[in-house]
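This report goes through one structure, part by part. The sequence and the coordinates come first, and the description follows.

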Amino acid sequence: GVRSISAFLLFGLWFVCMMLINTFKIYTRYFIVLQQMGLSDAMKSSFFMSWRTFRETYRYMKMQTLLLINFSLNVVLIIWIPVFLIYFSISWGIINLRWVKAIVYFVFFVLVLLWAYMSSFIRAFFAYYWYEMYNKIKN
């Protein structure tokens, strides 16, 4: 009804506002680190640089969003493996077997470590991605 349409419109408006704010502040960390600016000066410079090159910056931001969705789906698929192992071992009544528990715990532990590794890899990838975009747009 009216509530769901209103909630959907508010969510859409919130999403657009956050996307614009993130687009305008994306270069802030590079101004802070590479040009030794203070926070407010770096945010102003990031805003003006993004405004000046909005189309290109927005295109890179959309590409980042699609890559994040792809990475997130991959992580979710990896994490669901132990969940299905646990579900099937409980539904088949074999969770009480010592070797089944050991396998489930081992797989869960390895996948949590892999998830942490993938998360740090994704963060490093995007830090480098935006550093390259900063250099490309700056020059």
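## After helix α4

Just after α4, Gly-93 has a positive phi of about 75°. Helices here are DSSP runs of H or I with at least four residues, and strands are runs of E with at least two, numbered from the N terminus.

## Basis and confidence

This is a predicted model, in which local features need pLDDT of at least 70 and side-chain atom pairs count only at pLDDT 80 or more, while totals for chains, interfaces and linings use all residues. Residues are numbered from 1 along each chain as its sequence is written, and side-chain values use heavy atoms, with hydrogens and water left out.

The average pLDDT (the predictor's confidence in each residue, from 0 to 100) is 85 for the protein, and 99% of the residues score at least 70. Among the elements, the lowest mean pLDDT, 82, belongs to α4, and the highest, 91, to α3.

## Helix α4

α4 has 38 residues and spans 53 Å from its first C-alpha to its last, close to the 56 Å expected at 1.5 Å a residue. The expected span is 1.5 Å times one less than the number of residues. At Trp-80 the helix α4 bends by about 25°, and Pro-82 follows within four residues. The bend is the angle between axes fitted to the seven residues ending at a residue and the seven starting there.

Buried residues of α4 include Thr-57, Tyr-60, Met-61, Gln-64 and Pro-82. Buried means under 20% relative accessible area, exposed over 50%, and partly exposed in between (1.4 Å probe, protein chains only).

## The nonpolar core

The largest nonpolar core has 17 residues, and Tyr-27 and Trp-130 have the most contacts inside it. Such a core is a set of buried Ala, Val, Leu, Ile, Met, Phe, Trp, Tyr and Cys residues joined through side-chain atoms within 4.5 Å. Two or more residues come from each of α2 (28-35), α3 (39-52), α4 (54-91) and α5 (98-138). The most come from α5, which gives seven.

Beyond its neighbours within four places in sequence, Trp-130 is in contact (heavy atoms within 4.5 Å) with residues including Ile-26, Tyr-27, Tyr-60 and Met-61.

## Salt bridge and loop

The structure holds one salt bridge, defined as a side-chain nitrogen of Lys or Arg within 4 Å of a carboxyl oxygen of Asp or Glu. Glu-56 and Lys-136 form it, at 3.9 Å, N to O. Glu-56 lies in α4 and Lys-136 in α5, so the pair ties together parts that are 80 residues apart in sequence.

In the loop between α2 and α3 is Gln-36. Gln-36 has a positive phi of about 55° although it is not a glycine, and is exposed, with a relative accessible area of 67%.
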